[in-house]
Amino acid sequence: MRSGTSYFDLTIYKKTVARFWPLWAAYFVLWFIIMPLGGMMYLCMDAYNGIEYGSYMENFANGMVAGRAQTALPIAAVFGVLAAMAVFSHLYNARSANLFGSLPLRREGLFLSHYAAGLSYLIVPNLAVFLLTLVVEAAGGWVNMQVLLYWLAVSCGGCFLFYSMAVFCAMF
């Protein structure tokens, strides 16, 4: 027999994602400009460099991506706080809080649905940027998977940490 207790509501998740999509888009565009677009610029510089083919792309794959991991933490801090403020903004207005409290859902279901929506704002764009950067590096002939996975781990870990801390403060 199926359990009647639900700890996640897909409708709340979808509505939250649809309501605050500009935050998701801004985070993706920022990382798209920094990582894959930067790699495409290095790829173009390699195309015009006839003597040492691949030197710019090798520099990007080995050094630049690792340097971008240092910028991942401040960006994760800013967007983690913004995502928590957006997703849990209904708690700061009495009418909205009463509306969500009157829904036939458990509080755990509301919390986990909102939490998952906010975390997906940060994790899904990181995965998309990782895949796009991997494609750019593969097109240039210099794929450094270890550095790319390092950037992904730092950015996703930072997003999880800062978002969770901001959610803790928002719920407090």
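Met35 counts as buried because its relative accessibility is 0%; buried here means under 20% relative accessible area, exposed over 50%, and partly exposed in between, with a 1.4 Å probe and protein chains only. Before I go on, this is a predicted model, in which local features need pLDDT of at least 70, side-chain atom pairs count only at pLDDT 80 or more, and totals for chains, interfaces and linings use all residues. Residues are numbered from 1 along each chain as its sequence is written, and side-chain values use heavy atoms, with hydrogens and water left out.

Back to Met35. The residue sits in the loop between H2 and H3. Helices are DSSP runs of H or I with at least four residues, numbered from the N terminus. Met35 and Phe60 are 25 residues apart in sequence, and their C-alpha atoms are 9.5 Å apart in space.

Which residues have the most contacts inside the largest nonpolar core? They are Trp31, Met35, Tyr121, Leu122, Trp151 and Tyr163, in a core of 41 residues. A nonpolar core is a set of buried Ala, Val, Leu, Ile, Met, Phe, Trp, Tyr and Cys residues joined through side-chain atoms within 4.5 Å. Two or more core residues come from each of H2, helix H4 (55–87), helix H6 (107–140) and helix H7 (145–171). H4 gives the most, 12 residues.

Next, H2. This helix has 14 residues and spans 20 Å from first C-alpha to last, close to the 20 Å expected at 1.5 Å a residue; the expected span is 1.5 Å times one less than the number of residues. Its buried residues include Leu23, Tyr27, Trp31 and Ile34. Down the axis of H2, the buried residues fall within an arc of 60°, so they line one face of the helix. That arc is taken from the directions from the helix axis to the C-beta atoms.

Val29 is also in H2, but counts as partly exposed because its relative accessibility is 43%. Val29 belongs to a nonpolar surface patch with Ile33, Leu37 and Met40, with about 310 Å² of accessible area together. Helix H2 (21–34) and helix H3 (36–48) each give two or more residues to this patch. Patch residues have over 30% relative accessible area and no salt bridge, and nonpolar side chains are joined within 5 Å. A salt bridge is a side-chain nitrogen of Lys or Arg within 4 Å of a carboxyl oxygen of Asp or Glu. Areas come from the Shrake-Rupley method with a 1.4 Å probe.

Last, Met40. Its place is in helix H3, and the residue is partly exposed at 33% relative accessible area. Met40 and Ser120 are 80 residues apart along the chain, with 26 Å between their C-alpha atoms.

Definitions and conventions. Patch = residues over 30% accessible without salt bridge, like charges linked within 9 Å, V, L, I, M, F, W, Y side chains within 5 Å.
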